[in-house]
Amino acid sequence: MNVFLSVPPPSQMQTMMPDLGIGYIATGLRKSDHTVDVYQGEKDTGFDRFRESLRAANPGLIGLKVYSMEVHAAQQAIKISRELYPDTPIVLGGPHISVIPAEDVMISFPGADYAIQGEAEISLPLLADLLDGKRVAHEDIPGLVYRENGVNKHNSPLYHMNIDDFGIPAWDILDPRNYTDRWFFWNPAQVGAPMLTSRGCPYRCAFCAQNVVGGKRVRRRKLESVLEEIELLMRDYGIMDFEFLDDNFLMDIQYVTDLCNAFLDRGLKITWSCGGARLEKMDINLVKLMEKAGCQIISVGIESGSQAMLNYMQKDTTLEMLREKIGMISKYTSIRVMGMFIIGYPTETVEDIRKTIRFSLKLPIFVATYFTYILFPGCLEYERLKASGELADIPWETLNVDAHNYAPRGMSFSTLNKLYKEAYFRFYSRPKVLWRILRYSGRRLPLIIKNGLRKWKF
Ligand code: B12
Ligand code: SF4
């Protein structure tokens, strides 16, 4: 069967990078002898190209990826799919589908026929088999949400233990060379590619639903498989810069040590960065080894400058530890730290936000990103807000990364907005910070200005 897979064109501005989730499920489908047409909408602002690609694909199954910020785009994509192919089944998947309760999926998306919660590398090919008339029962497909005689049904999602079974993303489809306009924290001199060495996160930060999206158990790829993927990307696509998107890249220090040593032993002259890094386990030997092995950026979810808020967020970390480890990285290596903060978190006061701003200014970090809090289901904070009566329904259709969607009780949106702008202004108006960024990312200046202006418009 030919399966059409798509990230619908977003209504909001996106950082451009190939979508690994789509790449992995394309591989899964091919392994089961299905063919795949992929339309990646990240760069489009309208649905014309989506419509054309879908028309040309003539699929037996249409698969659409849904992010919580892009529910509207998904609804639009469903509508167009129905117009073009009234009888072709539509299946939804992706983070939003995984984090909302299974009972709500078919109610929220009445135009869809199926959805898959959790990882779809195994489930989507099974669904395609079923639709092809092979001997597969609905109940056999992990995470499947479906209707049977008008009744909504669902199976538990699967977080498959051996993620090497998934193979590597279909890079011939994703072609990373098409993504040159990346955000500035990647090496600006190189075309890069994202990559995963593991999935899952055992932590329980109250604002994060990652243990529903990626599972609680950390599942790690074999080192050899990661190295093979890197070498393939170097050889076939000329990629020399990599971004590890693991939920928690520094979770297993021995693994990272082995990975770095393998880069050095094989003489891989690559640069790389890692996101989602918790620093608790990092020590001076590891950070120096990472630098030697090509690490350029470590991005850290610092979240808050108030210990009380960190405790409330269940971040399981301390300001002291963050200060010490970030200080160590900047003192002993050339690795840049990108700090991510949340302001306007539930229960937060103006003084808490000021603590965050002051903390961020004191840390030797290269760039700071201040997000105002956006609530997503599937996490503890969502349940708390629901229980306290502060949350009725989230207006998915209007959620916007470019707007403040929530202000803590007792704080006006205008106060939050002022603090938000103050944070950015105070961080980036310092000449030494500006100079550092210009020196590293000068050639990305137009993109930086565009993003900066977008944030300023809030
Ligand atoms: C890289 C990344 C980004 C990148 C690019 C996304 C991309 N092109 O891949 C950028 C920087 C743009 C980004 C932006 C944001 N992101 Co982000 N991001 C990630 C990150 C770290 C990795 C994504 C990834 O590669 N995952 C690995 C792959 C294998 O998983 P997957 O994509 O989910 O795919 C699997 C399943 O979902 C499913 N599946 C996927 N697609 C489909 C399609 C079909 C048809 C089916 C059946 C199944 C299916 O099968 C796949 C294989 O197992 C994730 C965290 C994470 N670990 O997933 C957050 C994550 C996706 N981001 C998140 C958020 C909140 C954001 C922002 C709002 C942050 C912000 N405040 O600005 C913005 C949203 C921008 C927008 N307009 O929507 C949330 C999404 C929450 C939600 N409910 O939607 C996540 C889950 C992080 C988290 N734990 O909160 N992000
Ligand atoms: S914020 Fe990071 S450490 Fe915390 S639960 Fe989410 S992925 Fe895990």
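I take helices (H or I, at least four residues) and strands (E, at least two) as DSSP runs, numbered from the N terminus.

Before going on, a note on what I'm looking at. This is a predicted model, where local features need pLDDT of at least 70, side-chain atom pairs count only at pLDDT 80 or more, and totals for chains, interfaces and linings use all residues. Residues are numbered from 1 along each chain as its sequence is written, while chains are lettered from A and ligands numbered from 1 in the order in which they are written.

I looked up N149 because its phi is positive, about 50 degrees, although N149 is not a glycine. I call a residue buried if 20 or more other C-beta atoms (placed from the backbone) lie within 10 Å of its own, exposed if 12 or fewer, and partly exposed in between. N149 has 5 other C-beta atoms within 10 Å, so it is exposed.

D316 is another non-glycine with a positive phi, about 60 degrees here. I found D316 in the loop between helix 12 (307–312) and helix 13 (319–332). Its count is 12 other C-beta atoms within 10 Å, so D316 goes down as exposed.

**Entry: domains**

How is the protein divided into domains? I get domain 1 (2–154) and domain 2 (175–456); bounds like these come from an automatic or database domain assignment. Taken over C-alpha atoms, the centres of domain 1 and domain 2 are separated by 28 Å.

I sorted residues by type: Ala, Val, Leu, Ile, Met, Phe, Trp, Tyr, Cys and Pro count as nonpolar, Asp, Glu, Lys and Arg as charged, and the others, Gly among them, as polar.

**Entry: the ligands**

For the shells I used this rule: a residue is near a molecule or strand if its C-beta atom, placed from the backbone, lies within 6 Å of it. Ligand 1 has 44 residues around it, and the closest are G21, G63, S68, G93 and E119. Two or more residues each come from helix 1 (20–31), strand 3 (61–65), strand 4 (90–93), helix 4 (95–99) and helix 8 (210–213). Helix 1 gives the most to this shell, with 5 residues. I count 26 nonpolar, 12 polar and 6 charged residues around ligand 1.

Where does ligand 1 lie relative to domain 1 and domain 2? Both domains give residues to its shell, so ligand 1 lies between them.

Around ligand 2 I noted C201, Y203, C205, C208, Q210, D247, N248, G276, R278 and G301. That shell splits into 4 nonpolar, 4 polar and 2 charged residues.

**Entry: the sheets**

I count two strands as paired if DSSP finds at least two bridges between them. One open sheet has 7 strands in the order 2-1-3-4-5-6-7, with mixed pairing. Strand 2 (35–40) and strand 7 are its edge strands, each pairing on one side only. From one strand to the next the twist averages 25 degrees. Helix 3 packs on this sheet, touching strand 1 (2–7), strand 3 and strand 4, and its direction makes about 165 degrees with that of strand 3. Axes here are lines fitted to C-alpha atoms, for helices over the stretch in contact, and angles run from 0 to 180 degrees between N-to-C directions.

I also looked at one pair: strand 4 and strand 5 (residues 114–116) run parallel over 2 bridges. V91 stands opposite Y114 in strand 5.

Another open sheet has 6 strands, ordered 8-11-12-13-14-15, with parallel pairing. Strand 8 (192–195) and strand 15 (367–372) stand at the edges with a single partner strand each, so one side of each has no neighbour in the sheet. The twist here averages 20 degrees from one strand to the next. Strand 12 (residues 271–274) pairs with strand 13 (residues 295–303) in the parallel sense over 3 bridges, and S273 stands opposite I297 in strand 13.

Technical notes. Two residues are in contact if their C-beta atoms, placed from the backbone, lie within 7 Å.
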